Amino acid sequence: MGVRRWCGVAAAVSIVVATAGCVAEGDAPVGSMPPAPDGLTRFYEQTPRWTACAEIAGEQVSLPPIAQCTRIEVPIDYTEPEGPTAQLALSRIPATGAKIGSLLLNPGGPGVSGLDTVLVGNQTPLAQRFDRVGFDPRGVGSSTPAVACLTPAEADAERAEPPEESTPEGIAETEAENREYADKCVERSGIDLLEHIGTREVVQDMDVIRAVLGDAKLTYLGYSYGTKIGALYAEKFPDRVRAMVLDGAVDASVDPVQEALRQAAGFQRAFDAYAADCAQAADCPLGTDPTQAVARFRELVDPLRYTPAATTDPRGLGYNDAMTGVTQTLYADELWQRLTLGLQELREGRGDTLLYLADIYDGRNDDGTYSNIQDAFNAIRCVDDPRVTDPAVAARLDAEYRRAAPFLDDGRGTGASALELCASWPVPNSGEPHTIAVDGLPTTVVVSTTDDPATPYQAGVDLAAQLDAALITFEGNRHTAALVVGDECLDSAVIAYLVDLIAPPSGLSC
């Protein structure tokens, strides 16, 4: 199917930490609030009503009782503030000590709910000094209206169908399926929401959130795609930034073709690192010779095009889900054991582990319903970047992608390729790749991991240069690290910066 996505920039590792303690009374002074833009005063001056998170998010997220949630209102189209509005879902865990202000958090995606990011920084000074605040960007998760394209049954069917051949007939079928998917998104989401779902609007939403929280300046921690939101906020509102940490950088200057190829190469490096690690064990499902790992891997997954592996779930494990489950495990080396288990099962004709991982990645719940992560991902990326509409460019991208990531190459390339989903998208893109140039921005911090598969290390180096930010290098095989893996060197530098505005030393590597 043409609408399938193999790997975005969403962080794939859940953050599991303890809950915070008691709430302190009273807030610290917030300073002088900047004025609201013309016509937007009622949005900037609204007062949130915090309530139990179950009232906002239902069972979609699991948060401790101390967490509170609310919704705030923003215009769908900022050029028409008197027109239709959206409601953004927010969560917070109040500061337990002398409060500096709010720490706004975003986990990435695009399309990932951010309500449970309030758990980041538990048992650290961040929990004492900040109200930690998460949010679902417009159209995502518990925010309303939400992007909706496929029903659960349609999503299951799309996952089960193997990719079309790159023949003229297969290309025509894929592009027809893309148009059908786009039509469903219009029918079920509305054209206005799709036109105003991108990062351009989310940046403005973040400034409304800042004001509603009572902060004169923004303190922000963003992961993965959350770094793009943060960087573009810094570009638009440099005088409203107090502190900003961007971990797992998306370089806004890179076009989508370059980004796809860099990601392909990043995931191949992660696969190769896994294969070398696995080869040290005599029972490695890819064998003990890492140079043969790609060939052994393809021997395991290629038959799934025609015959799904057996699973306890009656769906079985098809080719698409196997590749998604494998991709999920390459986001962080602590998931490699899951990959070994999944490949061992596949060698035995079973697919439970990889199907489970694919369900997590695709947002499928135990009852067969789905979050809207995949539909929102597609909608946001299709308005954020220019589209590839030239078949020759699509064919070149397909060939170069296969060369960059041999483990993802099914060997069925023909020198031609279908145009991908965004070429059929019903609204124009609202973003363009560009180098960020900004004056008046205080020191910010970029964290970049040496062997990050989804957002390669160089992207962080380049973003730090554009923002004139302090760069922290983290040594590891994973996507994002700050306050996630428990590295004292990294976490202490990030906390000192966010709390006391102490920039990390030049050239810090952890």
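How many of the residues of strand β3 (residues 85-93) are buried? Strand β3 is mostly covered, with 8 of its 9 residues buried; buried here means under 20% relative accessible area, exposed over 50% and partly exposed in between, using a 1.4 Å probe and protein chains only. Helices (H or I, at least four residues) and strands (E, at least two) are DSSP runs, numbered from the N terminus.

The model is predicted: local features need pLDDT of at least 70, side-chain atom pairs count only at pLDDT 80 or more, and totals for chains, interfaces and linings use all residues. Residues are numbered from 1 along each chain as its sequence is written, and side-chain values use heavy atoms, with hydrogens and water left out.

**Strand pairing**

Two strands pair if DSSP finds at least two bridges between them.

| Partner of β3 | Sense | Bridges | Residues opposite each other |
|---|---|---|---|
| β2 (residues 68-75) | antiparallel | 8 bridges | Ile72 and Leu88 |
| β5 (residues 130-136) | antiparallel | 5 bridges | Arg92 and Val133 |

**Nonpolar cores**

A nonpolar core is a set of buried Ala, Val, Leu, Ile, Met, Phe, Trp, Tyr and Cys residues joined through side-chain atoms within 4.5 Å. The largest has 61 residues, and Leu90 and Trp425 have the most contacts inside it. Helix α7 (residues 199-212) supplies the largest share of this core, 7 residues. A second, separate core of 41 residues includes Phe267, Phe271, Leu339 and Ala394.

Contact means heavy atoms within 4.5 Å. Leaving aside neighbours within four places in sequence, Trp425 is in contact with Tyr181, Ala182, Cys185, Leu194, Ala379, Cys382, Val383 and Arg387.

**Helices α9 and α10**

The axes of helix α9 (residues 256-278) and helix α10 (residues 293-301) come within 10 Å and cross at roughly 95 degrees. Axes are lines fitted to C-alpha atoms, for helices over the stretch in contact, and angles run from 0 to 180 degrees between N-to-C directions. The two helices, α9 and α10, are therefore roughly perpendicular to each other, a term that covers 65 to 115 degrees. On the α9 side, Gln268, Phe271 and Ala275 meet Ala293, Val294 and Phe297 of α10. The residues of this contact divide into 5 nonpolar, 1 polar and no charged. Ala, Val, Leu, Ile, Met, Phe, Trp, Tyr, Cys and Pro count as nonpolar, Asp, Glu, Lys and Arg as charged, and the others, Gly among them, as polar.

**Ala395**

Ala395 lies in helix α15 (residues 391-404) and is buried, with a relative accessible area of 13%. Leaving aside neighbours within four places in sequence, Ala395 is in contact with Gly415, Ala416 and Ser417.

Methods:
Angles under 35 degrees count as roughly parallel, over 145 as roughly antiparallel, 65 to 115 as roughly perpendicular and the rest as oblique.
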